[in-house]
Amino acid sequence: MQTIYILWLRELTRYSRSRARIIGSLGQPLLFLLALGFGLGPVFQKAGQGSYFQFLGPGVIAMSILFTAIFAGIQIIWDKQFGFLKETLVAPVSRLSIMLGKTLGGATIATLQGIIVFVLTLFVGFHPNIAAIPLAIIFMLLISIFFTAVGISIASLLEDMQGFQLIMNFLVQPLFFLSGALFPINNLPKVFEMVVGLDPLSYGVDGIRGSLTGLTHYGLGIDFLVLFIMTSFILVLGSYLFSKIQL
Amino acid sequence: MQKAIIVKNLTKKFKDFTAVDNISFEVSPGEIFAFLGPNGAGKTTTIKMLTTLLHPTSGEILLDGHDVNKDQDSARKSFGIVFQDPSLDDELTAYENMKFHAMLYRVPSDTKKIKDLLEFVELLDRKDALVKTFSGGMKRRLEIARGLLHHPKIFFLDEPTQGLDPQTRNHLWEYLINLAKKDNITIFFTTHYMEEAQNTAQKIAIIDHGKIIKVGTTEQILKDTKTNSLEKAFLKLTGNSIRDEDASGADRMRQHRAMFRGR
């Protein structure tokens, strides 16, 4: 337990000290929010779908969580060679507790980042159901844990940063663009809808959107169930891969 | 008296390449033991196996009587290590790095012990500075202080003086020799500076192509090779050819790191 706590505390201490990083990582979600929100808003409205900001807000929140969480996980490629993580690998503590501490730390940061973006969306015309914020945060936490663990699993398998670009372009970007963060899933071509349905982030976006605006495609119950099962699975897989790390 | 380190028939194979080939040696408590060899000879692989970062293909390692594979946690408690690459958290202060270490090893993280150790490596006045503001030598000293925090019986140092100026190097060895004497800590180190090994080590092992080709005191080695310095003895034993090693993932990252941090 103490190990989990230390690793969690370490992530938070680092996060609180890197204001530049916090502000820097707000750039991308903010750009999507403003450019797409103002740019596609009128078309969206004309198509009879209502306010695009109302639709896009949760998508951008999920996006910032996705990127922050995966980065937090992937970061261990570096950390196991040049960082504090290497020191934990020779300490008399279990690999499982290191992995869990790291995951919870990364997930907490990703959720905080999601909450910051959520607050920003309020200024550009997102009107959520305030009472449902705790529910939305549960969904944010779930996808935060899920994607941090995905990052850790990948990082456990990689030797250096060479594969990083590949992961960004062929995993992280598709996860985002195919998630229904930017467009409604109703009335999509069947095959495309299936692809979207295979993307774990779709359920996170749907869950956050569903709780904050009442607009949901799969239903909150399904969203939660899918995310819960996938998160449990990836935690087991990630712990296994992490325990196999040799330097 | 129980040996501090016992290595028996240790072998590590990577696919069809044998990095460490059936080596055996012993180190006594309080001894300063130098582990020498050209690049790619198997030094780092051996240290990784000794410190539980890598599983041996076969063979046995006992640290302070604890089997590294069967009794991992006790073995881990018995040693401290300074890696070749810094393993400090740059975004934390010196004090926080120490405190986290104490919590990881479940030793009392009381302020006095940490302060004493920081004082010992002359970093007490910088205890609340972020580690990223430290020079290479300061980081190495902090790592030494950190490695000692849980009272290890054995201290591993992988090229501890690489990239440090002679002043810092001498200073560092003063601490280490003092430590071995005062607290009877066994020091196991690797280095490329033969002079350093000659001056500090009580016993030296030379490894090449995965095999230990010589173990003994400096005098014995000089006598056996009929040379007058360890450097000459080393070259005589391992030959003059330059060893080329394929860059590993870690090497590639080290390059990136050097690029970004200008080291």
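**Exercise 1.** In this predicted model, determine how α8(A) and α11(A) are oriented to each other.

*Solution.* Start with the geometry: the axes of α8 (residues 133-157) and α11 (residues 200-213) of chain A come within 8 Å and cross at roughly 165°. Next, apply the cut-off: angles over 145 degrees count as roughly antiparallel. α8(A) and α11(A) are therefore roughly antiparallel to each other.

**Exercise 2.** Describe the side of chain A that touches chain B.

*Solution.* First, count: 25 residues of chain A are in contact with 29 residues of chain B. Then assign elements: α1 (2-17), α5 (76-82) and α6 (84-89) of chain A each give two or more residues to this side. The most come from α1(A), with 7 residues. Finally, by class, the side of chain A that touches chain B has 10 nonpolar, 8 polar and 7 charged residues.

**Exercise 3.** State the predictor's confidence in the complex and in chain B.

*Solution.* For the complex, the ipTM is 0.87 and the pTM is 0.90. Chain B has a mean pLDDT of 90, with 97% of its residues at 70 or more. Within chain B, helix α10 (residues 249-261) has the lowest confidence, a mean of 71, and strand β4 (residues 58-63) the highest, at 96.

Methods: Residues are numbered from 1 along each chain as its sequence is written. Chains are lettered from A and ligands numbered from 1 in the order in which they are written. This is a predicted model: local features need pLDDT of at least 70, side-chain atom pairs count only at pLDDT 80 or more; totals for chains, interfaces and linings use all residues. Two residues are in contact if their C-beta atoms, placed from the backbone, lie within 7 Å. Helices (H or I, at least four residues) and strands (E, at least two) are DSSP runs, numbered from the N terminus. Ala, Val, Leu, Ile, Met, Phe, Trp, Tyr, Cys and Pro count as nonpolar, Asp, Glu, Lys and Arg as charged, and the others, Gly among them, as polar. Axes are lines fitted to C-alpha atoms, for helices over the stretch in contact, and angles run from 0 to 180 degrees between N-to-C directions. Angles under 35 degrees count as roughly parallel, over 145 as roughly antiparallel, 65 to 115 as roughly perpendicular and the rest as oblique. pLDDT is the predictor's confidence in each residue, from 0 to 100.
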